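Please look over the model below.

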Amino acid sequence: MTTPTRPLIIGVVGGSGSGKTTVARAILEATDVAAAFLDQDAYYADLAHLTLDERRQVNFDHPDALDNDLLVAHLEALAAGEAIDKPTYDFAAHTRAAGTVRVEPAPVVVVDGILLFVEPRVRALLDIKIFVDVADDIRFIRRMQRDVAERGRTMDDVIRQYLGSVRPMHLEFVEPSKRHADVIIPEGGHNRIGVEMVIARVHQELRSRRAAR
């Protein structure tokens, strides 16, 4: 009986609004095998015990806002060939939603998030670490457009959160974590050559793993 090969686990990190999810999706779509996707945003801690006003005061850009124990457990389960039930998050209510999403094990696992490289246990599980590097003003504009259109936020709320926590936490945690990256992609998904080079490396790694079986 052939022993299942451990999946190739790829981490994609970048500041809020950098387009890291676009890069992650490009990798997923280019793989010639089944692939699973995890978003670190789904792993914010459950704050249902707090009032909505109290939740609004939480610094969601600090590592302590994340349930890294659950994320690590889920990555380890996928690495062992086991399915998981990924949590979902209600961004308007600032807390974990009731439903979950079943994620089956796959030869490739792509996970994205702003703080993946900050947590040593997560870094240790990543085979390829990618940092998407985009200018602050571009990231802010993208975040504003996304949060107003998709997450039910007001412009004033987005600006308050950006100045109060997003920007300082980016400088304290996200930007320094770039040193852990294997590959840095300037301009993210708009850097076609950079993304294609990463995809080529993923294909090479998959071929090597298949040959070694």
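## Terms and model

Two strands pair if DSSP finds at least two bridges between them. Strands (E, at least two residues) and helices (H or I, at least four) are DSSP runs, numbered from the N terminus.

This is a predicted model: local features need pLDDT of at least 70, side-chain atom pairs count only at pLDDT 80 or more, and totals for chains, interfaces and linings use all residues. Residues are numbered from 1 along each chain as its sequence is written, and side-chain values use heavy atoms, without hydrogens and water.

## The sheet

The 5 strands form an open sheet with parallel pairing, in the order β2-β5-β1-β6-β7. β2 (35–39) and β7 (183–186) are the edge strands; each has a single partner, so one side of each lacks a neighbour in the sheet. Neighbouring strands are turned by 20° against each other on average, direction ignored.

Strands β1 (residues 8–14) and β5 (residues 108–112) run parallel, joined by 5 bridges. Here Ile-10 stands opposite Val-110 in β5.

## Packed helices

Contact means heavy atoms within 4.5 Å. Angles run from 0 to 180 degrees between N-to-C directions, with axes fitted to C-alpha atoms, for helices over the stretch in contact.

Helix α1 (residues 20–30) packs on the sheet and touches β1, β2, β5, β6 (128–133) and β7. Its direction makes about 155° with that of β1. Helix α7 (residues 192–212) also packs on the sheet, touching β1, β5, β6 and β7. The angle of α7 with β1 is about 160°.
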